[in-house]
Amino acid sequence: MDIRIENLTKKYGGQRAVDRISFEVRTGEIVGFLGPNGAGKTTTMRMITGFIAPTEGNIYIGGKLLEDHADEIKRHIGYLPENNPLYPDMPVIDYLEYVAGLQGIPKEEVFPRIIEMIRITGLNPEKHKKIGELSKGFRQRVGLAQAMIHDPDILIMDEPTSGLDPNQIVEIRKLIRELGRHKTVILSTHILPEVEATCDRILIINRGKIVADGTSGLLRKQASGAEILRVRIEDGEPNTIFKALQKLDSTSQVGFVDGKKDRFEIQCHPGTSAAREVFRLCVEQQWMLTEMIPFETKLEDIFRKLTTN
Amino acid sequence: MTKREFGSFFDSLIAYVMLILFLGISGFFTWLFGTDVFLIGQASLGAFFSIAYWTLFFFIPALTMRLLAEEIRSGTIELLLTRAVTDRQVIIGKFLSTLLLIMVALAFTVPYVITIGSIGNLDVGAVICGYLGLILMSGAYISIGMWASSITRNQIVAYLTALFIGIFFHLFFGMLASGFRGFTGRLFHSLSMREHFDSISRGVLDSGDLVYFLSLIVLGLFLSEVSLARRNLQV
């Protein structure tokens, strides 16, 4: 099932929490919402899940308008809200059974589904405990299990890995990756490596607006535009090397790195690469080229550039 | 939905505490203390009904206070309302489960009826009507309590709000009715829970009483649904 969003707006009082955003998510795509706290990620997700109604704009899920087919569409959505709210007094299995009932799973399929979910999320050692007795990592798994129990076509997860330890984070990401092969997944996070590790596409949201949309590679290219090389050249007079590098056709700027005499940072003209020229120069001058690293713009830098004014 | 809510009363021990307290208090006053059955010297459950009338009044808000307030506070309401159920189903499910618990509590008092019935000649019709009156009254208070629970995330606020609204129906309208004449008097008279409850528990099943209880129930549930839908306007 695909999701299409048109001019979605949500106002709280006079403030626009979400401001006329439009985007599409195709079936089998994992999309990450990235943005600072309060950017409108959670509000957007709440509107897609039908928890709150938009002030303006339309949400189409599987080609159907959400507000007209809410009951039918809700069956196809699995939702893991922020902070993973659960009933601490309920035992894990009872809770999953209850959720299965609410989602309209036929009686005879309920237990096979619960067993399947416990297997997938690795809840087996803790399945008889009350939810309140579980550690945070296991609670998060219960949250995932409840979101997936009715085998939804769409999974919406608000900060799925918050509060987990590094091992659990890796596991959950792997799980999301696997799920994403067949399902449409939207997740939100403010952890940058997370979107890179799990998502096919990134939407950066700031102040209720989408400020960037694309794969992490594409975003990088857009943000920097020009390649940056870090090189280390030995056996030469630093100032001579510096000047020689500046004279190359493809370099626009050269600087020393960390005040060291033999390391240089070369910024190339957009669309060109200075790597070959640097190599030839060194061969001609009999300098020793010991390092050459193409330097990527970090996603952090893009994020900061787009979300701070 | 109803099943899980009913189960959750037992999961969190609320049901046990409530059952024991209700049976303890109503039993104590019915059999042992004050104007109990032996003092009256009649085979009548009047004493029990007037005790239950008050104990339920205090207990029901304690049961209803967490119904929605707790879900709003913990955020589970977000999960609940994004499931394949409507707001109305949620409200009705919670209402029915609480009513079911009250009915279980009342069912445990059936031995009282049997005991008294074995002592003397019991007006069976009046007893059945008395129970029906208690159930209808419980429904009305659950419905009020549900609304009180839907407007706040704080259970204490929900409890006190329900009690505050309830006391008007339970006591004040009756008191006001005796202080006014004419239309105002009749108005308060007809709003008083006591009037309607007494009239039913005397064994007279009047359509006016039924309308009174049912309209309180429907109004409370409707307002609860409205206040859930209010999340769309602001948060």
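Two strands pair if DSSP finds at least two bridges between them. Keep that rule at hand for the exercises below. The model is predicted.

**Exercise 1. Find how many bridges join strand 12 of chain A to strand 13 of chain A, and in which direction the two run.**

Step 1. Count the bridges. Strand 12 of chain A and strand 13 (residues 263-268) of chain A are joined by five.
Step 2. Apply the rule: pairing takes at least two bridges. Five bridges are present, so the two strands pair.
Step 3. Read the direction. The two strands run antiparallel.
Step 4. Gln253(A) faces Gln267(A), which lies in strand 13 of chain A.

**Exercise 2. Work out the strand order of the open sheet in chain A, and name its edge strands.**

Step 1. Write down the order. The four strands follow 12-13-11-14, with antiparallel pairing.
Step 2. Look for strands that pair on one side only. These are strand 12 (251-256) and strand 14 (288-295) of chain A, the edge strands.
Step 3. On average, neighbouring strands are turned by 25° against each other, direction ignored.

**Exercise 3. Describe how helix 8 of chain B and helix 9 of chain B cross.**

Step 1. Get the geometry. The axes of helix 8 (residues 124-150) and helix 9 (residues 155-179) of chain B come within 8 Å and cross at roughly 135°.
Step 2. Classify the angle. The two helices of chain B are therefore oblique to each other.
Step 3. Name contact residues. Helix 8 of chain B gives Tyr141(B) and Gly145(B), among others. Helix 9 of chain B gives residues including Ala158(B) and Ile165(B).
Step 4. Sort the contact by class. It has six nonpolar, four polar and no charged residues.

**Exercise 4. Describe the side of chain B that touches chain A.**

Step 1. Count the residues. In chain B, 20 are in contact with 22 of chain A.
Step 2. Find the elements. Helix 1 (2-11) and helix 5 (76-81) of chain B give two or more residues each.
Step 3. Pick the largest share. Helix 5 of chain B supplies it, with four residues.
Step 4. Sort by class. This side of chain B has six nonpolar, nine polar and five charged residues.

Terms used. Residues numbered from 1 in each chain as written. Chains lettered and ligands numbered in written order. Predicted model: local features only at pLDDT ≥ 70, side-chain atom pairs only at ≥ 80, totals over all residues. Contact = placed C-beta atoms within 7 Å. Nonpolar A, V, L, I, M, F, W, Y, C, P; charged D, E, K, R; others polar. Axes fitted to C-alpha atoms, helices over the stretch in contact; angles between N-to-C directions. Parallel < 35°, antiparallel > 145°, perpendicular 65-115°, else oblique.
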